[in-house]
Amino acid sequence: MTQVVGLTGGIASGKSTVSGLLGQVGFPIIDADLVAHRLQQPGQPGFERLVERFGRSILTMDGSLDRQRLGQFVFNNQDARNQLNQVMQPLIRETIMGQLAGFTKAAVPAVILDVPLLFEQGYDEDCDLVVVVTVDKATQLARLMKRDGLSQMAAQARVAAQMPLNEKAARADIVIDNNGDDNHLRQQVAQLVKRLN
Ligand SMILES: CC(C)(COP(=O)(O)OP(=O)(O)OC[C@H]1O[C@@H](n2cnc3c(N)ncnc32)[C@H](O)[C@@H]1O)[C@@H](O)C(=O)NCCC(=O)NCCS
Ligand SMILES: Nc1ncnc2c1ncn2[C@@H]1O[C@H](COP(=O)(O)OP(=O)(O)OP(=O)(O)O)[C@@H](O)[C@H]1O
């Protein structure tokens, strides 16, 4: 049986950093952000349906999705975010479930399901174990502002669009505390790897 390990947290809490480390030691990763980005390439179903829903004003001059513009819109408008989720979440789920079935068929021992909206979209039901990467609000905002070049207000809006991180941590089987440095994070990931092996 393939063990499905859910990996989630808040925006910029360090999920991708953790999944990168798990990938380095050989775990296959299903990355929901990557799945979403691929579905949003011109010609892909997510792209077509987003243009139908929001119009061509969400496109750049070269005809690709203007992620920055759509982000500004949906992270400041709950109704627009609901519409985005209505369009994207069923497509993301279908793709993720297809990938999961592939790994199960190949009988891999464990697969990492890296999904920012794991609890919000009910993927925890499909997991054998859920790992939540947490970070204090101030550090989260600082890392998010730095990584994405966002203002404090824009970063706060993105954080507010997700389930509070302490609620996610309360629902976790394993919590990884990412308030420390890279070394502190690596030590905790090494513990997790021991447990998974
Ligand atoms: C709004 C979009 C265009 C902004 O693009 P951008 O390149 O700036 O961000 P990116 O896709 O890299 O996501 C960054 C982070 O934002 C958060 N986030 C993304 N979508 C959502 C959402 N619908 N609700 C809450 N948080 C979200 C996640 O923590 C994610 O890791 C993009 O996030 C998007 O299309 N989101 C819908 C798809 C989705 O739900 N993705 C999450 C996978 S479950
Ligand atoms: N322990 C750490 N010390 C300093 N910076 C860190 C640490 N862990 C992660 N970062 C940085 O914080 C930022 C957010 O990390 P990362 O991209 O892994 O988060 P994420 O949870 O995957 O975000 P998202 O939800 O947006 O996909 C990145 O720029 C990353 O390099």
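Trainee: Which element gives the most to the shell around ligand 2?

Mentor: Helix α1 does, with three residues. Keep in mind that this is a predicted model.

Trainee: How many residues surround ligand 2, and which are the closest?

Mentor: Start with the count, then look for the closest names. Ligand 2 has 16 residues around it. The closest are Lys-15, Ser-16, Thr-17, Arg-143 and Arg-147. Next, ask which elements give two or more residues to that shell: they are α1 (15-24), α6 (137-148) and α9 (182-196).

Trainee: What classes of residue make up the shell around ligand 2?

Mentor: Sort the shell by class. Around ligand 2 there are six charged, six polar and four nonpolar residues.

Trainee: What is Ala-32 in contact with, beyond its neighbours within four places in sequence?

Mentor: Look past the local stretch of chain. Ala-32 is in contact with Ile-92, Ile-96, Asp-114, Val-115 and Pro-116. Also check the C-alpha atoms of Ala-32 and Thr-95. They are 63 residues apart along the chain, yet separated by 9.1 Å.

Trainee: How do I read the packing of α2 and α5? At what angle do their axes cross?

Mentor: Take the axes, then the angle, then the hand. The axes of α2 (residues 32-39) and α5 (residues 78-105) come within 10 Å and cross at roughly 115°. The two helices are therefore roughly perpendicular to each other. Their crossing is right-handed. On the α2 side, the contact uses Ala-32, Val-35, Ala-36 and Leu-39. On the α5 side, it uses Met-88, Leu-91, Ile-92, Thr-95 and Ile-96. By class, that contact has eight nonpolar residues, one polar and no charged.

Trainee: And α3 with α5? Are those helices roughly parallel or roughly antiparallel?

Mentor: Go back to the angle. Values over 145 degrees count as roughly antiparallel. Helix α3 (residues 45-54) packs on α5 at about 160°, with the axes 10 Å apart. The pair is therefore roughly antiparallel. The crossing of α3 and α5 is right-handed. From α3 come Pro-45, Gly-46, Arg-49, Leu-50 and Arg-53. They meet Gln-83, Val-87, Met-88 and Leu-91 in α5. By class, the residues of this contact are five nonpolar, two polar and two charged.

Trainee: Let me try α6 and α7. What is the hand of their crossing?

Mentor: Right-handed. Their axes come within 9 Å and cross at roughly 115°, with α7 spanning residues 152-160. Gln-140, Leu-141, Leu-144 and Met-145 of α6 make the contact with Gln-152, Ala-155, Gln-156, Arg-158 and Val-159 of α7. In this contact, five residues are nonpolar, three polar and one charged.

Trainee: Next, backbone angles. Where is Ala-12 found, and what is its phi?

Mentor: Look for positive phi in residues other than glycine. Ala-12 is one such residue, with phi near 60°. It is found in the loop between β1 (3-9) and α1. Ala-12 has 26 C-beta neighbours inside 10 Å, so it counts as buried.

Trainee: What about Ala-107: buried or exposed?

Mentor: The cut-off for exposed is 12 or fewer neighbours. Ala-107 has 8 C-beta neighbours inside 10 Å, so it counts as exposed. Its phi is also positive, near 55°. The loop that holds Ala-107 runs between α5 and β3 (110-114).

Trainee: One last residue. Where is Gly-9?

Mentor: In strand β1. Gly-9 counts as buried because it has 27 C-beta neighbours inside 10 Å. Beyond four places in sequence, its contacts include Gly-14, Lys-15, Val-132 and Leu-165. Gly-9 and Asp-114 are 105 residues apart in sequence, but their C-alpha atoms are 9.3 Å apart in space.

Methods: Residues numbered from 1 in each chain as written. Chains lettered and ligands numbered in written order. Predicted model: local features only at pLDDT ≥ 70, side-chain atom pairs only at ≥ 80, totals over all residues. Axes fitted to C-alpha atoms, helices over the stretch in contact; angles between N-to-C directions. Helix = DSSP H or I, 4+ residues; strand = E, 2+ residues; numbered from the N terminus. Parallel < 35°, antiparallel > 145°, perpendicular 65-115°, else oblique. Left-handed = near helix turned anticlockwise from the far one by under 90°. Contact = placed C-beta atoms within 7 Å. Nonpolar A, V, L, I, M, F, W, Y, C, P; charged D, E, K, R; others polar. Near = placed C-beta within 6 Å. Buried ≥ 20, exposed ≤ 12 C-beta atoms within 10 Å, placed from the backbone.
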